[in-house]
Amino acid sequence: MEHSTDALFGGYITVLVAIVMGAILPVTALLATRLLAPFSRERNKGATYECGMLPIRRASTSIGMRFYLYAILFIIFDVEALFVFPWVLTFADSPSAYWTMFAFISILGAGLAYAWKKGALQWR
Amino acid sequence: MTTAEFLGIEMPVLLEAFIKVNIVVLAMTVVVMGLIYGERKIIGRFQMRMGPTRTGPFGILQSIADAIKLVGKEDLRPRGADPWIFELSIYFIFVPVFVGFVVVPFAIGWEIRALELGLLYLLATSSVSGLGFAFAGWASDNRYAMLGGLRAVAQGVAYEIPLVVTLLAVAMLSSSLNLGEIMAGQASVPNIVWQPLGFIMFYIAMLAELNRAPFDIAVGESETAGGPHIEFSGIRWSMFQLAEYAHLWIMSIVGSAIFLGGSAWPFGEELGTGYQLLLMGVKSAILIFIAMWTRASMPRLRIDQLMGFAWKVLMPLAFAQVLINGFVIVYDLPLVLLTVQGVAGIALLNWAIQRAVARPAGRPGMAAWAGTSEAATS
């Protein structure tokens with residue numbers, strides 16, 4: 001596999017084609033249903049589903065605080081995983097690279113242990 | 001514009017990509033229909049039922065009948081829904097899953113396009129699908145959908161890190177992120193021999209990413225009544241199904257390519273493409289069957305158990321796996337050590353699960369009941 005810009009460009013042009021084709025598929029399906037399916041202006045069909053009762057207010061838009069805690073932790077660890085990606089390909093013949101990453105992951109592990117001890121990982 | 005060779009014919013890259021993507025669209029539709037029929041039949045057998053029997057011989061036309069019915073159903077949108085996000089959500093659920101097919105190696109050299117960063121690309125695109133669930137839940141103006149969407153995102157992000165890190169640990173063995181190269185590198189020994197713990201963790205995280213039982217709290221019928229897709233009807237709803245089963249297919253192929261030797265082991269290179277496709281088909285079918293088996297036999301987890309399992313058990317084990325792999329590779333130690341470590345890790349994982357089962361922690365929210373008579377009696 002040659003590592004030229006041409007190969008890179010060709011690779012991601014395929015991705016672009018896949019995105020377009022992937023978007024065309026739902027469009028076709030929606031078009032088909034527009035042509036084939038019945039349609040009525042019955043007002044109550046627009047009500048949201050509420051297991052047999054009429055919904056009282058609009059759906060609440062308040063989100064539990066616990067979701068934010070997990071989201072913040074996720075961002076830290078996901079960014080870290082991105083740092084590990086290039087390291088995976090190049091660390092094999094240098095112990096110093098390995099120990100650097102060891103220190104990095106240890107610091108993050110300490111962070112996880114701190115979050116755990118503080119009860120941030122406990123669903124309440 | 002460069003040219004590429006496809007079936008022995010020189011053609012522009014754009015045309016080649018277009019033809020290959022279209023072939024995958026057709027294959028995906030057929031396979032998804034087969035998977036839906038297979039799942040209904042298999043789950044039926046597990047529950048001592050027959051599954052679909054009426055449409056066609058043994059009910060094999062059931063999925064086609066369902067598709068025709070779904071196209072003919074009225075397309076509803078709730079009055080209070082946010083129209084733009086509601087419309088966009090099905091694209092955000094389906095398209096990211098679909099573009100994952102670009103790097104999926106069906107056989108040696110049989111991918112739409114072998115990207116050098118294939119593994120990163122696959123993980124990056126397939127995690128966007130969680131955003132679609134959040135869109136669908138948010139836009140539907142429905143409390144169940146909202147809850148389901150939030151749960152889907154929380155669960156998706158929690159299990160994404162163990163998934164990414166275990167796959168990275170395997171990529172360390174092949175020192176490549178190209179799925180085709182990882183697969184071809186296992187011609188003699190599949191990676192599961194060196195990474196048994198990695199395979200188990202990948203499979204658990206895969207089930208969670210796919211929102212499948214026992215991790216289906218986001219879409220569980222008895223809790224959120226269907227979750228994010230509760231307000232989606234007819235063909236719109238079928239897009240959720242299509243994305244779910246296409247994702248299951250992708251993940252099972254990727255799992256068998258990375259851990260089980262894909263179409264390279266055993267004797268993949270010698271016996272030709274037909275044999276490779278058969279090998280890949282059998283391996284991915286086994287992984288899919290285990291997913292259905294799990295669905296039939298495991299109860300659904302509670303959300304606190306689910307999040308705790310990802311953050312407190314899978315995550316430390318996954319990072320430990322990366323560090324141990326690195327140590328063994330850097331100092332050129334025999335790879336058998338990894339097998340021993342993997343088996344020990346599985347024992348540890350099993351111990352953690354058994355311990356949680358034997359000594360269940362209190363239900364979340366029990367603190368609010370402390371001191372009341374109900375808490376005292378239970």
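Analyst: Gladly. Leaving aside neighbours within four places in sequence, B:Val313 is in contact with B:Leu349 and B:Ala352; two residues are in contact if their C-beta atoms, placed from the backbone, lie within 7 Å. Keep in mind that this is a predicted model, where local features need pLDDT of at least 70, side-chain atom pairs count only at pLDDT 80 or more, and totals for chains, interfaces and linings use all residues. Residues are numbered from 1 along each chain as its sequence is written, while chains are lettered from A and ligands numbered from 1 in the order in which they are written.

User: Which helix holds B:Val313, and is B:Val313 buried, exposed or partly exposed?

Analyst: Helices (H or I, at least four residues) and strands (E, at least two) are DSSP runs, numbered from the N terminus. B:Val313 sits in helix 11 (residues 303-330) of chain B. For burial, we count other C-beta atoms within 10 Å of the residue's own, again placed from the backbone: 20 or more is buried, 12 or fewer is exposed, and in between is partly exposed. B:Val313 is partly exposed because it has 18 C-beta neighbours inside 10 Å.

User: How much of chain B counts as buried, and how many helices and strands does it have?

Analyst: Of its 378 residues, 52% count as buried. Its secondary structure comes to 13 helices and two strands. The radius of gyration is taken over C-alpha atoms, and the globule rule is 2.2 Å times the number of residues to the power 0.38. Chain B has a radius of gyration of 22 Å, close to the 21 Å from the rule for 378 residues, so it is as compact as a globular protein of that length.

User: What are the domains of chain B?

Analyst: Domain bounds come from an automatic or database domain assignment. Here they give domain 1 (8-72) and domain 2 (73-359). Their contact takes 17 residues from domain 1 of chain B and 16 residues from domain 2 of chain B. Helix 1 of chain B gives the most to the domain 1 side, with 13 residues.

User: And how many residues does each chain give to the contact between chain A and chain B?

Analyst: Chain A gives 57 residues and chain B gives 67. On the side of chain A that touches chain B, helix 1 of chain A gives the most, with 19 residues.
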